[in-house]
Amino acid sequence: MSGRQGAGGRPKATSGATRAGAGAGAGAGPRAGAGAGGGGEPGAWLASPPRPGRIAAYLGLLVLGAVVGTAGALVQAGWFPGGLVLALAGSAGLFYGGRVATGTSFGVGAPAAGWLIAVIVLSLGRPEGDGVFAAGLGPVVYLLGGAVVAVMCATMSRSPQPATESGRLGK
């Protein structure tokens, strides 16, 4: 038996100070020692300064979203209905790829914002009456379908990460 077991062979309860970390001040809870890295705390990324690589990735996804939105707007009308399926598949691939590449829901938001900006600008038309989107079912399905796909990709749960160690006790 080890020295940490109490009467009856049960483990002794540890104090809050040992769980919060040695050196934490009086009244400090488990969250007091969380540093700028986050340590898995929800919302901890707000406390740390953004890294330049992450900012560049989000800006690149924003521009790529605008490009995919523009290409999809042109393709969906050109080769109906195959173009519509191709445009929605391209948008879905970009949104999901942004989520996987960054590991965050904001990885979907950046290309979705670029896609939305491009689609809105193209749908406004010009004073002469010219516009990219014609009247019909195809443009409506593209606009609503792209928005639905972006929301689906942003709200999907994360896939579980493979464990490096066994979760069994005593191994």
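A110 counts as buried because its relative accessibility is 6%, where buried means under 20% relative accessible area, exposed over 50% and partly exposed in between (1.4 Å probe, protein chains only). The model is predicted, so local features need pLDDT of at least 70 and side-chain atom pairs count only at pLDDT 80 or more, whereas totals for chains, interfaces and linings use all residues. Residues are numbered from 1 along each chain as its sequence is written, and side-chain values use heavy atoms, with hydrogens and water left out.

A110 lies in helix α4; helices (H or I, at least four residues) are DSSP runs, numbered from the N terminus. With residues up to four places away in sequence not counted, A110 touches Y58, L61 and L62, contact being heavy atoms within 4.5 Å. The C-alpha atoms of A110 and Y58 are separated by 5.9 Å, although the two residues are 52 apart along the chain.

The largest nonpolar core has 15 residues, and those with the most contacts inside it are A73, F95, W115, V119, F133, Y142 and C153. A nonpolar core is a set of buried Ala, Val, Leu, Ile, Met, Phe, Trp, Tyr and Cys residues joined through side-chain atoms within 4.5 Å. At least two residues of this core come from each of α3 (82-102), α4 (106-124) and α5 (137-155). Helix α4 gives the most, with five residues. Another core, of five residues, lies apart from it and includes Y58, L61, V68 and L94.

Leaving aside neighbours within four places in sequence, the contacts of Y142 include A73, Q76, W115, V119 and F133. Q76 is found in helix α2 (residues 52-78) and, at 1% relative accessibility, counts as buried. The side chain of Q76 reaches the backbone oxygen of A73 at 3.4 Å. Beyond four places in sequence, Q76 touches G83, L84, A87, F133, G138, P139 and Y142.

The axes of α3 and α4 come within 7 Å and cross at roughly 145°; axes are lines fitted to C-alpha atoms, for helices over the stretch in contact, and angles run from 0 to 180 degrees between N-to-C directions. The contact is made by S91, L94, F95, G98, R99 and T102 of α3 and by G107, V108, P111, A112 and W115 of α4. These residues divide into six nonpolar, four polar and one charged, with Ala, Val, Leu, Ile, Met, Phe, Trp, Tyr, Cys and Pro counted as nonpolar, Asp, Glu, Lys and Arg as charged, and the others, Gly among them, as polar.

How values were computed: A polar contact is a pair of N or O atoms within 3.5 Å; within protein, one must be able to donate a hydrogen and the other to accept it, and residues adjacent in sequence count only if both atoms are side-chain atoms.
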